[in-house]
Protein chains: 2
Amino acid sequence: MPKTTPPEADSRRLQMADIARLAGVSTSTVSRALAGSKLISEETRTRVMELARSLKYNINIGAQNLRMKQNRTVGVVVPYDPATRQHLSDPFFLAMLGSLADALTEQGFDMLVSRVDASELDAAAAPFDTGRVIGIVLIGQWRHHDQLNQLAARHVPIVVWGAQLPQQLYCTVGGDNLAGGQLAGAHLLAQGRQRIAFFGDINLPEIGQRYAGLCQALAAAGLAADPALLVPASFVPDGGRLAAEELLGRGVAFDAVFAGSDLMAMSAINAFRQHGLDVPGRVAVVGYDDIPLSSYFHPPLTTVQQPIQEAGRALVASLLELTEGRPAPSLQLPTQLIVRASTV
Amino acid sequence: MPKTTPPEADSRRLQMADIARLAGVSTSTVSRALAGSKLISEETRTRVMELARSLKYNINIGAQNLRMKQNRTVGVVVPYDPATRQHLSDPFFLAMLGSLADALTEQGFDMLVSRVDASELDAAAAPFDTGRVIGIVLIGQWRHHDQLNQLAARHVPIVVWGAQLPQQLYCTVGGDNLAGGQLAGAHLLAQGRQRIAFFGDINLPEIGQRYAGLCQALAAAGLAADPALLVPASFVPDGGRLAAEELLGRGVAFDAVFAGSDLMAMSAINAFRQHGLDVPGRVAVVGYDDIPLSSYFHPPLTTVQQPIQEAGRALVASLLELTEGRPAPSLQLPTQLIVRASTV
């Protein structure tokens, strides 16, 4: 960083002239007063000393404002559900944090991570409102569409990882969830599977779009989605197992599962295995995300890949546009199907 | 946060008295000047306006100092190697970031993440030196012992995840790596394995202690460690595969591998499988860390568990002791062996 402070002597001269002007006295009076000269009245000396202190503050403030302009910190907010206070252990979220840290490091920025109560999402803007960050990346759109719109409406520079929704004021960057769902569905249909169960909470925008993609693939093959094959599942570590057991308990026919995340798919596969159902022989399973370990899983997991490294860069690039006062249109990153042994 | 700003009216009255005293005029003159009255000379009006601005700054500075005292941000620094600029994708590092974020959220703190060039580690203290954080947690002790000592010597509150070393001035929190290595070695010996290869860079303090633990277990069984079974391996994603191929290329007899991390173990198992070597039949493999997915791996991985959630809490607790000016002795968290199908 180049030195921007003027040399000490200049700064002192400027300060004396300022004090003189403000006190309504000459600079030589100021000089004498600061030196404690008895030639100056007690009253004037006190005034000049107070002003000197006051102006010293001003000089510091200037440096502080300069630092603010040079603020190179971006806030990353991950809301938590106050009911569960779930730990930050989801591999996809963690990979996204890592990707953001990498993208910000590349641009010379630090990352201020805060978790806020999802029911009081306005608090997400606090690091911006207090001048600690130049803008915010929010990971976890969940059901917060209205609150996020409010933040955007009051011009908080914010970019959200998630799905594009109708009447959206804020900028999103996300994978193409509809296309991802179509890819997964078309792949399973091409493998001869027709009774495809879906695991996930379709009230979450991204998950809802993945399910809609599956339904479109089914419709294109002349099939209707069977509501009995839609199983609510959450992102908690054993969400996939619970959904698998729920599905088995329903006693409906199924030959494939499309799970809302890789972790859910892995947890479901382990549950199917415990119930003696072979994967992919009896049940083909597709995950979502392509977290690093999906290729190490047994069987290696067929999944829809989200481009995590690009995601971090795209989120940061859009946020920097916003902070420069330029528009940042919402962005969908392409997704691709990675075929591995869990379906073929 | 309780309101600390005095009511607006009081603040305004104080300000007018201050301006009057500093300008050497009466408060009614100040009042008129601020109202833009023509009864006041241009010169006096300008002086009063400037002083008003100046004092407003002072009030802001006070609020700012208050905010600094209430600074509730902790810095988390993850050094990177400038040669490789490796992405932040290691599951153990990411899990540790998540654990720290959780522990800090519990205590009402935000987390400022910065990555610094490992060869200029003094930069790790910048967020503290500039007053943005109250202290620093550093993840990635690597070979930075001397630089970390220098930071501690100049009283930067810093806690490092890693191994305790001789002549250490800084505070470390880490797993008991020596005991972890002993546990892994004793378990493999109890399974009848005697030719145990070690994968990892023993110049890194933690890895060196894990290897020393293995050697102690061998010695306790009357066996010497064979240097031909020590294979350097790094934490890059395919480090385990490269080490497995190096070991196979050496043509030495081996019946087990103790790998420096779970990821290394998983990557090695995949390589052994590709070479037609059954795990655990032909080669038993033990990992280290117990990352969430080691239980999902096939075969599920025997590993030495590092208590990640406790680690985050312990790092934060030690750092808060330091920032309060109290001593924080280095701490070793107990490790335990988790036996799964990769060894039995």
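This is a predicted model: local features need pLDDT of at least 70, side-chain atom pairs count only at pLDDT 80 or more; totals for chains, interfaces and linings use all residues.

Trainee: Which residue in E8(B) is the bridge partner of Ala197(B), and what makes E6(B) and E8(B) a pair?

Mentor: The bridge partner of Ala197(B) is Val257(B) in E8(B). Strands, which are DSSP runs of type E with at least two residues, as helices are runs of H or I with at least four, all numbered from the N terminus, count as paired if DSSP finds at least two bridges between them. Residues are numbered from 1 along each chain as its sequence is written, chains are lettered from A and ligands numbered from 1 in the order in which they are written, and side-chain values use heavy atoms, leaving out hydrogens and water.

Trainee: Which strand is joined to E8(B) by three bridges, and what makes the unit with H10(B) right-handed?

Mentor: Three bridges join E8(B) to the parallel strand E9 (residues 284–289) of chain B, where Ala284(B) is the bridge partner of Ala256(B). E8(B), helix H10 (residues 262–274) of chain B and E9(B) form a β-α-β unit that is right-handed, which means that, with the strands pointing away from the viewer, the path from the first strand over the helix to the second runs clockwise.

Trainee: Which way do the residues of E8(B) point, and are they buried or exposed?

Mentor: Ala256(B) and Phe258(B) point one way, Val257(B) and Ala259(B) the other, and all are buried, that is, under 20% relative accessible area with a 1.4 Å probe and protein chains only, where over 50% would be exposed and values in between partly exposed.

Trainee: Why are H4(A) and H11(A) called oblique to each other?

Mentor: The axes of H4 (residues 91–106) and H11 (residues 308–323) of chain A, lines fitted to C-alpha atoms over the stretch in contact, come within 8 Å and cross at roughly 55 degrees. On the scale of 0 to 180 degrees between N-to-C directions, under 35 is roughly parallel, over 145 roughly antiparallel, 65 to 115 roughly perpendicular and the rest oblique, and H4(A) and H11(A) are therefore oblique. Contact, meaning heavy atoms within 4.5 Å, involves residues including Phe92(A) of H4(A) and Ile308(A) of H11(A).
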